[in-house]
Amino acid sequence: MPTNISITMTDPLHLASFLQNSAVQTALWMGALAAVLNGSMGIFTVLRQHSFAGHALGDSSSAGGAIGIFLGISALWGFLAMAWIAALAMGALGLRQARERDLATGIVLGCALGISALFLYLDVTSTQASSATVDVMFGSIFTLAPQLLWPTVILVVIAITLISIFYRPFLLISADPDLGRAAGLPVRRLELLYLLLLGSAAALSALSIGVILATALLLGPAASALRLARKPWQSFLYAQGIALIAVFGGIYLAFISYYWSDGASWPVSFFVVTLILLFYLASAAIGPMRKAKF
Amino acid sequence: MFSSYLLHTWIAATLLAIAAGSLGYFVVLRRSAFAAHALPLAAFPGGALATLFGFTPLWGLGGFAILGVIFLRVFARLGRRDVAMGLLLSTFLALGGLFLSLGREYAARVYGLLFGEVLGISAASILPLALLAIAVVLLLLWRFPALLLQSSQAELASARAISNTGMEWFFLVLLALVSAAAVPIVGTLLVFTLLVSPAAAAQRLSSRPYQAWLLAIALAELLSWSSIALSYWSNWPLSFFVGGQGALLFLFSRIFTRA
């Protein structure tokens with residue numbers, strides 16, 4: 001919920017109160033970090049048709065968020081820890097047989113969701129955190145603690161550095177793992193690193209727009225960017241740009257929805273997902289999926 | 001444990017397991033795990049609308065699940081199927097979140113729809129479930145050989161004049177109906193486990209189609225009955241046991257058939 005709101009007649013778009021609001025500032029920073037990492041990781045995910053894994057990692061992290069609330073630690077660490085555990089489990093279960101990957105992914109996902117069902121139930125019954133389910137599943141970007149900002153910045157900087165170092169091997173194993181193996185790449189280890197980075201991206205978007213909508217931020221901007229970009233590096237920039245616009249626009253629209261809907265703000269995640277969908281449909285109308293040369 | 005307030009739960013879960021187990025066999029065969037996860041989520045806003053306007057949830061859930069199938073087919077033409085599915089389910093979930101946020105009792109409703117409300121099953125919801133279970137089994141038996149062939153070898157099936165598109169629709173509509181029926185019991189997020197894990201285990205244990213199909217139904221019953229019993233004794237949510245035991249079932253079937 002936006003705090004310290006003052007309605008001014010001279011500011012019809014509420015831009016001043018939007019930008020001066022400290023909760024909004026934290027939200028914008030966190031949203032930007034989530035957008036940059038998700039936009040970049042999304043490119044690999046879409047290229048290798050790994051959407052289900054990306055979605056499952058986001059969903060699985062909900063168990064961490066729920067346990068975090070139960071233990072009274074920050075949701076960020078809960079989300080991250082669980083997303084990494086799920087990434088390792090998926091790697092261990094599914095890497096050997098590619099044909100079983102979807103099943104293994106789904107089973108890990110189901111197990112993690114069962115755990116979140118339990119802990120969200122315990123959160124509500126024993127710790128009075130009645131909004132736990134909504135916060136974890138649909139995000140709580142306006143109530144994030146500003147102290148989380150620095151750890152998140154460090155995480156995203158490390159992740160983006162790793163992505164730029166391993167950019168070519170990642171693209172190669174995304175396109176064709178056998179080719180990567182033939183080129184002498186440590187495919188298994190790269191695969192695990194990729195899953196861990198994907199888990200980090202999922203945890204960040206879980207925190208901002210919520211667990212079950214994390215998929216949209218991962219896939220939508222990347223899929224749109226891959227249609228528009230002519231060169232690989234362009235697709236990363238476009239994906240990050242689209243993700244940033246969607247997140248900032250979503251936060252702004254949710255903020256001003258307070259004024260038009262008699263004080264009942266609409267959820268941020270609804271606006272973010274709608275904007276991403278519009279981008280995707282627009283990009284589908286503009287150009288067919290290009291076979292970019294990687 | 002079999003007292004009257006839980007009796008509806010037992011009957012509903014038994015009927016649901018018949019439908020989910022038998023359809024799950026084809027979900028695994030067709031590798032439609034992602035679709036089996038996405039369609040229950042597509043039903044979510046239907047449940048949310050039903051609580052907002054106070055009509056029977058089953059209509060909302062069913063309507064939106066069918067809408068999900070239609071969108072899925074349209075979106076899939078725009079580009080890649082998995083991306084389409086991911087965006088579809090996010091959009092529907094966001095819509096559901098919006099609907100719920102407009103009503104009262106936001107938090108409790110969200111939990112119930114996502115993870116199920118076992119005690120909320122009324123006598124009135126038994127009849128539609130029974131009809132659905134019978135319809136799913138009969139329809140699957142009617143098209144069993146054709147669907148089996150189309151699921152495992154699509155090219156051979158089209159050579160035998162079995163329409164791929166027709167079978168795809170047939171399968172997805174059944175999946176949507178089962179999803180809609182399952183949401184009130186195990187919740188949007190855990191329908192998937194009930195569909196996939198018994199069937200995946202059954203296909204590991206038997207390679208004969210009809211035998212594996214029956215085994216999938218039996219394992220689905222086992223999974224849902226033991227989950228209700230454990231949930232009753234521990235007072236913990238049913239979906240926790242469905243998710244956890246589903247994973248165990250999958251693991252055991254892998255360990256025991258490795259040799």
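**Notebook: chains A and B**

I began with the contact between the chains, to which chain B gives 44 residues and chain A gives 42 residues. I note here that the model is predicted.

I then looked up which elements of chain B make up the side that touches chain A. At least two residues each come from α2 (33-53), α4 (81-102), α5 (106-115), α10 (191-205) and α12 (238-256) of chain B. The largest share belongs to α4(B), with 13 residues. By residue class, I read this side of chain B as 28 nonpolar, 13 polar and 3 charged residues.

**Chain A overall**

Next I went through the secondary structure of chain A and found 13 helices and 0 strands. Written in sequence order, the pattern is α-α-α-α-α-α-α-α-α-α-α-α-α. Chain A has 294 residues, and 53% of them are buried. I also looked at the contacts in chain A between residues at least 6 apart in sequence; 74% of these join residues at least 24 apart.

**Nonpolar core**

I looked up the largest nonpolar core and found 201 residues in it. The residues with the most contacts inside this core are Val108(A), Leu16(B), Ala19(B), Leu23(B) and Ala42(B). I picked Ala42(B) from that list and asked which residues it touches, leaving out those up to four places away in sequence. The entry for Ala42(B) reads Phe64(B), Ala65(B), Leu67(B), Gly68(B), Leu88(B), Leu89(B) and Phe92(B).

**Positive phi in chain B**

I checked two residues other than glycine that have a positive phi. For Arg31(B), phi is near 55°. I located Arg31(B) in the loop between α1 (4-29) and α2 of chain B. The cut-offs used here are 20 or more for buried and 12 or fewer for exposed, with partly exposed in between.

For Asn235(B), phi is near 70°, again a positive value in a residue other than glycine. Asn235(B) sits in the loop between α11 (209-234) and α12 of chain B. Only the count of neighbours was left to look up. Asn235(B) has 8 other C-beta atoms within 10 Å and is therefore exposed.

Conventions:
Residues numbered from 1 in each chain as written. Chains lettered and ligands numbered in written order. Predicted model: local features only at pLDDT ≥ 70, side-chain atom pairs only at ≥ 80, totals over all residues. Helix = DSSP H or I, 4+ residues; strand = E, 2+ residues; numbered from the N terminus. Contact = placed C-beta atoms within 7 Å. Nonpolar A, V, L, I, M, F, W, Y, C, P; charged D, E, K, R; others polar. Core = buried A, V, L, I, M, F, W, Y, C linked by C-beta atoms within 7 Å.
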